[in-house]
Amino acid sequence: MTKRITEPNNQVLRIMIAFGVLGAGFYGLTQVDFYYIQFSFLVISGLVSYLLVFGFVGVRQLFSTPKRFIKTFLLILVGSQIYGMLASMIMGILAQLLDIQTKANSAQDNPWWFFVFILPIALLGEELFSITIFDTLRKKMGINTKVASLLTAIIFGLIHFETYLGSSALFTIVQVILVQGGIRLWFNQAYLKTKSLNTSWAVHYAFDLIAFVLGSLLSS
């Protein structure tokens, strides 16, 4: 009887600590600026958090060989690109109509080696952050997968608030939830369909690389 009572309490405690670790990793990412080392914080905190909640077996499964990788990668990449372009275009039109200044992601101003060596690490951190929340909500807290995906997407969008903050905080909140949050839904599907974070990570990297290249070309 004691074991049955203790196990749920321990699980809640592990989840609380894991979310606290995720928060600490995000704080380090946004507040530290030292030779790009800040991008490793979310990776470390994400791994530790997932380990706390799901153990070593869970971490191994997280990075397992993807199922139907190529087909899923291509479909999700194309779908997320189309969605991202349409959502960005709509928000851009609204910004002009409402006379609101928007802000582009300053990461596109980095040198070429950033996109080769640093961006994959940064996006691995974002994937670990998001999937830890996603899996905890649906596997440990019993929340419906679609609802868990939506909640994760909203959180993912909101962590980009400072990156895209323009002249209107309210507009930026709507923007990051609809654009970045909406794109996160596609990444979540990549993870679900292949049962591997490797797929969502690969799609995320390809998506951002294309977006940054296009953004750089359009701004030049």
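Is Asp135 buried or exposed? In this predicted model, in which local features need pLDDT of at least 70, side-chain atom pairs count only at pLDDT 80 or more and totals for chains, interfaces and linings use all residues, Asp135 has a relative accessibility of 0% and therefore counts as buried. Buried here means under 20% relative accessible area, exposed means over 50%, and partly exposed covers the values in between, with a 1.4 Å probe and protein chains only. Residues are numbered from 1 along each chain as its sequence is written, and side-chain values use heavy atoms, with hydrogens and water left out.

Asp135 lies in helix 4, where helices (H or I, at least four residues) and strands (E, at least two) are DSSP runs numbered from the N terminus. When its neighbours within four places in sequence are left aside, Asp135 is in contact, that is, with heavy atoms within 4.5 Å, with Tyr50, Phe54, Leu62, Lys140 and Tyr191. Phe171, by comparison, stands 36 residues from Asp135 in sequence and 29 Å from it in space, C-alpha to C-alpha.

Side chains of opposite charge can pair when their charged atoms come close. With a salt bridge taken as a side-chain nitrogen of Lys or Arg within 4 Å of a carboxyl oxygen of Asp or Glu, the count comes to three. In one of these salt bridges, the side chains of Arg138 and Asp135 meet at 2.9 Å, N to O; both residues belong to helix 4 and are three residues apart, about one turn of the helix. Asp135 also forms a salt bridge with Lys139, whose closest N and O atoms are 3.8 Å apart, and because Asp135 and Lys139 are four residues apart in helix 4, about one helical turn separates them. Whereas Asp135 is buried at 0% relative accessibility, Arg138 is partly exposed at 21%, and Lys139 is partly exposed with a relative accessible area of 45%.

The charged end of Arg138 is placed over the ring of Phe134, 4.9 Å from its centre, while Lys139 lies over the face of Phe54, at 5.8 Å from the ring centre.

A further salt bridge is formed by Arg184 with Glu127, with the closest N and O atoms 2.8 Å apart. Because Arg184 lies in helix 7 (residues 169-194) and Glu127 in helix 4, this pair ties together parts that are 57 residues apart in sequence. Both Arg184 and Glu127 are buried.

A pair of aromatic rings is described by the distance of the centres and the angle of the planes. Rings of Phe, Tyr and Trp (its six-membered ring) pair if their centres lie within 6.5 Å, and planes under 30 degrees apart count as stacked, over 60 as edge-to-face and the rest as tilted. A search of the whole structure finds 12 aromatic pairs. Among them, Tyr36 and Trp113 form an edge-to-face pair, at 5.4 Å centre to centre and with 85° between the planes. Tyr36 lies in the loop between helix 1 (2-31) and helix 2 (39-62) and Trp113 in helix 4, so the pair ties together parts that are 77 residues apart in sequence. Tyr36 is partly exposed at 28% relative accessibility, and Trp113 is likewise partly exposed, with a relative accessible area of 33%. The rings of Phe114 and Phe115 have their centres 5.4 Å apart and their planes at 85°, so that pair is edge-to-face; Phe114 is buried at 3% relative accessibility, and Phe115 is buried with a relative accessible area of 12%. Ring pairs link Tyr36, Phe39, Trp113, Phe114, Phe115 and Phe212 into a cluster.

Most residues other than glycine have a negative phi, and most peptide bonds are trans. Arg68, although not a glycine, has a positive phi of about 55°; Arg68 is found in the loop between helix 2 and helix 3 and counts as exposed at 55% relative accessibility. Lys195 has a positive phi near 55°, lies in the loop between helix 7 and helix 8 (197-219), and is exposed at 52% relative accessibility.

Definitions and conventions. A charge sits over a ring if NZ of Lys or CZ of Arg is within 6 Å of the ring centre and within 35 degrees of the ring normal.
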